[in-house]
Amino acid sequence: MAVSKLPAGLVAFVKKDCPTCLLIEPVLRELARMQSLTIYSQDDPQFPAGLPVVSDLRLDVSYHEKIEIVPTLLQVTEAGVVQRL
């Protein structure tokens, strides 16, 4: 497996146009409060509002990380992605 360029911690891939992503927004807020969480939004750099979001409008990061469905949550260490859900 190639070493990820993602930051260590939890990494979420979401889309505002995804009903499930809207449902888990409170969970993302709680995760961000408890630990390091980086959020990549595929369609709206302001979603979820009030949280630090990295725009992935061109889907470059999603493609590199082989994200096929959102929401996707990754656990990343210095060695790369160790778990995905």
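This is a predicted model: local features need pLDDT of at least 70, side-chain atom pairs count only at pLDDT 80 or more; totals for chains, interfaces and linings use all residues.

Reply: Residues are numbered from 1 along each chain as its sequence is written, and side-chain values use heavy atoms, with hydrogens and water left out.

Me: Which residues does a cis peptide bond join, with omega of about -5°?

Reply: Most peptide bonds are trans. Here F47 and P48 are joined by a cis bond, with omega at about -5°. P48 sits in the loop between β2 (37-41) and β3 (53-55); helices (H or I, at least four residues) and strands (E, at least two) are DSSP runs, numbered from the N terminus.

Me: Where does P71 lie?

Reply: P71 belongs to the loop between α3 (60-64) and β4 (72-77). The peptide bond from V70 to P71 is cis, with omega about 0°.

Me: How should I read phi, and what is its value at L59?

Reply: Most residues other than glycine have a negative phi. L59 is not a glycine, yet its phi is positive, about 65°. L59 is in the loop between β3 and α3.

Me: Is L59 buried, partly exposed or exposed?

Reply: Buried means under 20% relative accessible area, exposed over 50%, and partly exposed in between (1.4 Å probe, protein chains only). L59 is partly exposed, at 39%.

Me: What is phi at K66?

Reply: K66, a residue other than glycine, has a positive phi near 60°. K66 is placed in the loop between α3 and β4 and is exposed, with a relative accessible area of 63%.
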